[in-house]
Amino acid sequence: MKRQQRNTWAGMISLLLAITLVLSACSGGSGSTTADQGSDTPVSEDLFNPVGQYPIVKEQMKLKMFAPQFASIENMETNLFTKWAEEKTNIKIEWDLVPDNALNDRKQLMLASGDYPEVILHGNLTKEEQMKYGKQGVFIPLNDLIEQYAPNIKKAMGDIPYMKSSITSPDGNIYALPQVNECYHCDNALKVWMNKAWLDKLGMQVPTTTEEFYQVLKAFKEKDPNGNGKQDEIPLTGSDEMWTGNVTAFLMNAFIVDDYTEKTTGTFLRVVNDKVEFVANTEEWKQGLEYLNKLYKEGLIDPAAFTQNADAIQQLANREGDNIMGTLTTALLSYAYPMNDTTPRHKDYVVVPPLKGPNGVQQTLFFGGINNSQFAITNKATKEQQIAAIRFADLMYTEEAIVLQEHGPEDKGWRMAKEGELDLNGNQAKYAENVDPNPKPTHNDGWEQIGPSLRTYDYRASWAALQQDPLAEGGYGKRLNEVSKEYEPYHSKEQFPNGLFIALEDADLSAQIKTTLVEYVKSNMAQFITGSKDISKEWDNYVKGLEGMQLNQYLEIYQKAYDSSKK
């Protein structure tokens with residue numbers, strides 16, 4: 001789409017939002033609903049079977065649900081998991097579907113106009129949206145419904161330490177339910193991999209400190225570890241375009257906490273003794289920049305690391321001839337090298353543990369937690385529909401539903417594991433995938449990952465590993481799981497306040513300040529590292545520039561949000 005067309009579409013969206021908001025305000029909003037009108041009407045408990053028994057309702061009930069239509073799923077109405085869920089619950093789903101890539105635009109128009117269904121099954125609901133539409137009464141509080149009718153959700157909130165705090169808004173209400181999708185190697189994703197074949201040739205060990213890391217990169221550059229007689233080796237590379245793809249966060253965490261993992265995340269904040277602090281103006285941050293500048297100045301960091309994408313990395317890594325890649329991030333390793341026996345270069349790499357910095361700091365970030373949620377019940381639902389809906393969501397939190405939703409019918413997409421089939425941890429597996437050697441681009445077996453669900457570490461680990469040999473074809477999952485365990489002892493003891501509920505009155509200002517601050521820090525970071533700005537001469541000006549960007553208000557907003565979360 002051309003730029004002019006995109007701008008026209010954006011303008012139309014804004015105009016429609018404005019019109020619908022005005023109309024909603026003039027008509028008194030969407031508060032006059034069947035549910036509100038019947039708020040004092042007693043619930044007909046005779047409609048339901050006891051909690052934990054199915055079907056949920058004795059006579060079929062209809063619920064309209066908003067969800068994305070994935071291009072890979074043929075038909076949500078005839079989908080086998082839809083049929084299973086409807087038969088299991090006796091709830092007939094009336095779909096309100098939107099193309100996946102248009103979900104957010106459609107959601108905003110729908111909620112602003114008041115033309116929304118009883119249930120948001122999968123809405124990618126931000127914390128700001130949860131508070132906004134919860135305060136307006138569009139989303140109903142789920143606390144009491146969970147307490148009375150959702151034992152699986154209640155148990156999950158008790159078992160998963162961060163879950164309840166991640167979904168409870170400052171007013172104490174839960175307005176939306178998440179997909180809990182724990183991923184052990186994702187939560188320990190801030191990794192760097194190094195060419196062990198080169199280390200062995202040079203007689204060097206995997207580095208454990210920033211100084212040792214510098215010496216290894218220097219040897220990679222100067223001592224021809226690929227043996228082709230050329231100084232063509234790239235000691236260290238990465239990509240700012242990919243999650244945990246940048247090289248700076250791994251190294252900066254040897255000096256001070258750095259939570260910037262890609263362009264859409266990162267606050268440059270930490271919490272010390274319950275006080276929110278900014279990190280990118282500290283002496284430790286300056287030391288980290290000086291170290292990175294030293295690496296760059298000596299040609300040890302690839303200049304393209306700040307601009308290249310995954311395709312560029314893949315072409316570089318798999319070019320014919322000698323391997324020239326020394327050290328790279330996890331995101332790049334999986335993109336750079338197809339994990340198969342026809343391209344065996346990936347076997348040369350081993351993980352580098354978090355480095356110890358000059359002040360004794362040695363840490364990595366743990367990314368476990370919940371950001372957006374998916375499922376909400378709106379004020380269009382009657383009391384009976386609210387109960388049916390929360391019990392439907394509670395079913396989605398069962399292991400039976402999760403397996404069928406993601407993998408389809410038993411003995412087609414999956415099967416129970418055979419005796420001797422081992423999971424990622426080397427224990428007897430519970431499930432095993434039936435891998436289709438000729439997969440089709442579309443299917444109608446399941447929902448993939450639509451709606452609320454509960455995929456815990458234990459559940460994900462219970463599937464049979466395709467390979468127990470982490471270096472064999474199909475063994476990459478096992479490999480990531482094993483190396484992630486090496487990072488666990490180094491989880492930072494400091495907190496970083498990502499994923500907090502920002503108060504509604506602060507949300508717009510917070511987003512504005514954060515965008516400006518992050519862009520300013522990253523821009524100056526790149527200039528200090530590459531030497532286009534002299535850190536010894538221009539550091540003070542950089543710090544003063546931060547003070548003029550409402551940094552104090554930014555800290556106050558996050559302090560307020562943090563204090564609220566503690567309550």
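Reader: How many nonpolar, polar and charged residues does the lining of the second largest cavity have?

Author: Four nonpolar, one polar and two charged. Ala, Val, Leu, Ile, Met, Phe, Trp, Tyr, Cys and Pro count as nonpolar, Asp, Glu, Lys and Arg as charged, and the others, Gly among them, as polar. This is a predicted model, where local features need pLDDT of at least 70, side-chain atom pairs count only at pLDDT 80 or more, and totals for chains, interfaces and linings use all residues. Residues are numbered from 1 along each chain as its sequence is written, and side-chain values use heavy atoms, without hydrogens and water.

Reader: Which residues line that second largest cavity?

Author: Val51, Gly52, Tyr54, Tyr149, Pro151, Arg391 and Asp394, around about 40 Å³ of space. A cavity is a set of points on a 1 Å grid over the protein atoms alone where a 1.4 Å probe fits but cannot get out; lining residues have an atom within 4 Å of a point.

Reader: And what lines the largest cavity?

Author: That one holds about 50 Å³. Leu190, Phe250, Asn253, Ala254, Pro354, Leu355, Gln363, Thr364 and Tyr487 line it: six nonpolar, three polar and no charged residues. The structure has two cavities of 30 Å³ or more.

Reader: In what order do the four strands of the open sheet lie?

Author: E6-E9-E5-E10, with mixed pairing. Strands are DSSP runs (E, at least two residues), numbered from the N terminus; two pair if DSSP finds at least two bridges between them. E6 (234–237) and E10 (349–352) are the edge strands, each pairing on one side only. Three bridges join E6 to E9 (residues 325–329), and these two run parallel. Thr237 sits opposite Leu328 in E9.

Technical notes
1 Å grid on protein atoms, 1.4 Å probe; cavity = no way out; pocket = protein on both sides within 12 Å on 5 of 7 lines; lining within 4 Å. Points joined across faces, edges and corners; volume = space filled by probe spheres on them.
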